[in-house]
Amino acid sequence: MNSNLKTVVGFEISRTLKKPLFWVMSLLGPLGIIAIFMVSMFSSMSGQETIDNQGEDAGFTFSYVDASGLVKPQIAQTMGGTAITDPEAGISAVKDGTLDAFFDIPADPSVTPVQVYGVDIGILNSMSYESVAKTLLQLSVQESLGDPKQVQISLGQIPSESTIYRDGVETGGFMGMIAPVAFLVLFFLIIVLLGNKMLTSTLEEKENRVTEMILTTIDPTSLLAGKLISVFILGIVQIAVLLVPTVIVAAVFPQVIGLEGFSFSDLVFEPQAMVLGALLLLAGYALFAAASSAVGAAMPTAQDAGGAFSAVMLLSVMPFWAFMLIVSSPESLAVKFLTYFPFSAAITGMIRNATGSLTWTEGLIAVAIIFAAALACLRLSVIIFKQGSISYSKAVNLKALFAKR
Amino acid sequence: MSENVVHVDGFFMRFGDVEVIKGLSFDVYAGETFGFLGSNGSGKTTTVRALLGIYTPTAGVLNVYGAPFRPGVSGALGYLPEERGLYKKESVIDTMSYFGRLKGMSAAAARKFSLDYLERVELADKAGVKLEKLSGGQQQKVQLGVTIMNDPKLLILDEPTKGFDPVNRRLLMGIIEERKAAGATIIMITHQMDEVERLCDRILLLKDGVSRAYGTVVEVQEEFGGTVVRAQVDGTLPESSSYRIISQTNGNVEIDPLGADTTDLLTSLVSSGVRVRSFEPTRRSLDSIFVEVYGEDAIQD
């Protein structure tokens with residue numbers, strides 16, 4: 001890295017890190033995660049409490065009519081329930097408030113819904129009536145089965161392990177997909193979180209009338225490259241701030257975010273997928289950033305640049321609309337096109353890389369195409385920046401710009 | 001004069017169908033102060049932007065120190081553009097240090113220069129303040145400081161006094177004289193003819209993209225009439241075939257004797273009944289040459 005490039009990167013990074021707004025925006029995500037975590041913890045604890053209670057006492061009084069004959073009276077009694085024979089009497093008792101809940105269990109509960117009647121104790125708490133009715137049936141049936149193995153299998157709790165081979169070599173399977181998918185998530189977060197910063201990185205000189213001073217002090221390619229590198233580094237900082245709490249939560253409390261049984265040590269890192277994922281991420285970022293900065297250089301304000309920037313954004317995320325096609329028919333002509341069209345190549349490549357349908361050759365060709373397009377966009381960006389940024393309040397006339405050249 | 005710092009030869013510049021510069025050639029020599037003059041739209045800023053690589057010339061050679069200008073390669077340059085601005089959201093010291101670093105100074109040297117300069121222009125207490133919080137005059141001082149960072153050997157000042165208050169104008173003139181004394185080459189693009197006459201060694205008058213006069217101040221004055229007479233008369237001086245009235249306002253007249261001896265002109269005026277209160281043969285002012293070349297409207301600009 002030449003010294004001016006380092007100076008630009010240092011200046012851009014340090015001034016952004018000094019801004020309170022950067023940290024406010026960066027910390028919003030983690031704070032949101034912590035808030036969700038706290039709510040989930042609370043709900044989980046409440047839920048556990050309810051389940052514990054369900055095994056012993058539902059915490060409210062109920063009566064039931066059992067046309068199915070499945071309910072075990074001793075279980076119902078333990079949970080606080082009383083069998084009756086007249087559904088109308090049960091409903092009336094609930095209506096006049098002498099009974100908390102009444103369950104009308106049909107002859108075949110697997111087909112006909114169980115009718116639950118209860119006294120209003122708030123929307124969320126009232127939902128526990130249904131939960132207790134289902135638990136009552138579930139515990140009664142489990143007792144009928146007797147054998148714990150049969151109970152576990154009937155509940156679908158069947159442990160299994162897969163070994164998948166590609167070209168005779170064992171693959172990582174689902175756990176091998178997670179790390180390459182992380183590149184896709186990173187790329188998506190970068191363009192969503194930093195798209196606007198890339199766009200405005202070239203507008204600042206124009207809006208501050210500092211273009212001529214800067215262009216006669218530093219080579220414009222170094223300036224733009226420095227800005228794009230610094231935006232990338234800042235993006236990594238921002239994403240790290242966002243992801244670190246998530247990873248900690250996932251590692252320490254996996255059940256809270258629905259990852260029960262997950263362990264980071266189970267992850268499989270396949271060298272080819274990791275290298276291609278990293279290259280596609282870098283190349284995709286370089287192209288997106290260079291194209292965004294070219295749009296920013298051509299327009300006088302961020303508002304004016306909005307339309308063209310949206311086009312760049314749409315082109316980049318276009319493969320998400322073809323996700324199923326990319327996964328199910330990676331050899332189709334349309335997917336081949338998306339793999340090698342510069343703006344769609346990064347995301348298409350990353351999806352195919354994660355699902356194991358991207359070969360080394362295909363991946364490296366796609367990376368080369370994206371980097372070539374990124375360099376072309378950077379060159380274009382420099383040309384537009386040099387001439388467009390001194391138009392100050394006018395958009396660049398590209399036709400006139402290139403006609404002159 | 002020694003080596004040329006700037007060499008422009010056969011420079012043409014076209015924007016779409018409009019030819020802005022038409023075959024311009026000139027040199028600026030090391031250590032001289034060069035006045036680049038012209039009315040608005042005459043092509044001065046376009047020439048400087050092409051010289052500094054911001055515009056790509058349609059044709060011609062534009063060299064700085066023997067080659068097309070490249071930032072950081074062509075030698076230390078101090079450029080004060082007509083369109084001025086700095087990073088308004090950043091602090092004064094951070095902005096100055098950044099430019100100092102880009103101009104090749106070490107971080108410590110850039111910071112030291114910045115603090116010394118801010119002390120000199122009485123802005124030391126504003127070092128940590130964002131530029132947008134400074135007054136217009138204070139921002140101008142910072143901009144000047146950035147322009148002269150890292151001891152530039154070539155200073156290009158585009159309309160240097162434009163928008164400057166009298167205090168900053170004096171500061172600027174002091175800096176120009178300091179740099180001149182230190183041997184720097186200075187190109188001034190200006191409308192201020194008094195400053196040009198006082199500071200410039202050579203000048204070029206540009207009109208509609210074409211050089212109308214080029215040489216030392218004296219050579220240009222000679223070219224546009226050499227010796228003129230500044231006189232004060234009662235009433236209005238009549239037109240005559242023996243002299244040409246360059247300007248006449250409230251009894252103050254500037255007269256071109258059309259090559260005749262000034263004593264003969266005085267005799268002629270007195271004999272024609274004009275009451276002459278003062279009569280001073282002198283070189284023609286650049287101001288009047290400027291008016292002659294560009295017309296009164298240019299001065300209004």
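Biologist: What are the ground rules here?

Modeller: Residues are numbered from 1 along each chain as its sequence is written, and chains are lettered from A and ligands numbered from 1 in the order in which they are written. The model is predicted: local features need pLDDT of at least 70, side-chain atom pairs count only at pLDDT 80 or more, and totals for chains, interfaces and linings use all residues.

Biologist: How many helices and strands does chain A have?

Modeller: Helices (H or I, at least four residues) and strands (E, at least two) are DSSP runs, numbered from the N terminus. Chain A has 18 helices and six strands.

Biologist: What share of chain A is buried?

Modeller: Count C-beta atoms, placed from the backbone, within 10 Å of a residue's own: 20 or more others is buried, 12 or fewer is exposed, in between is partly exposed. Of the 405 residues of chain A, 34% are buried. In α1(A), the buried residues are Asn4(A), Thr7(A), Val8(A), Val9(A), Phe11(A) and Glu12(A). Their cover includes α11 (220–252) of chain A and α2 of chain B.

Biologist: How do I describe two packed helices?

Modeller: Use the angle between their axes and the distance between the axes. Axes are lines fitted to C-alpha atoms, for helices over the stretch in contact, and angles run from 0 to 180 degrees between N-to-C directions. Helix α1 (residues 3–17) of chain A packs with helix α2 (residues 92–102) of chain B at about 165°, axes 9 Å apart.

Biologist: Are α1(A) and α2(B) roughly parallel or roughly antiparallel?

Modeller: Under 35 degrees is roughly parallel, over 145 roughly antiparallel, 65 to 115 roughly perpendicular, the rest oblique. So α1(A) and α2(B) are roughly antiparallel.

Biologist: Which residues of α1(A) and α2(B) meet?

Modeller: Contact means C-beta atoms, placed from the backbone, within 7 Å. Asn4(A), Thr7(A), Phe11(A) and Arg15(A) meet Asp94(B), Tyr98(B), Arg101(B) and Leu102(B). As a general point, an α-helix has 3.6 residues a turn, so residues three or four places apart point the same way.

Biologist: How many residues does each chain give to the contact?

Modeller: Chain B gives 25 residues and chain A gives 20. On the chain B side, α2(B) supplies the largest share, five residues.

Biologist: Is Asp287(B) buried or partly exposed?

Modeller: Asp287(B) sits in helix α9 (residues 286–294) of chain B. Asp287(B) has 17 C-beta neighbours inside 10 Å, so Asp287(B) counts as partly exposed.

Technical notes. Contact = placed C-beta atoms within 7 Å.
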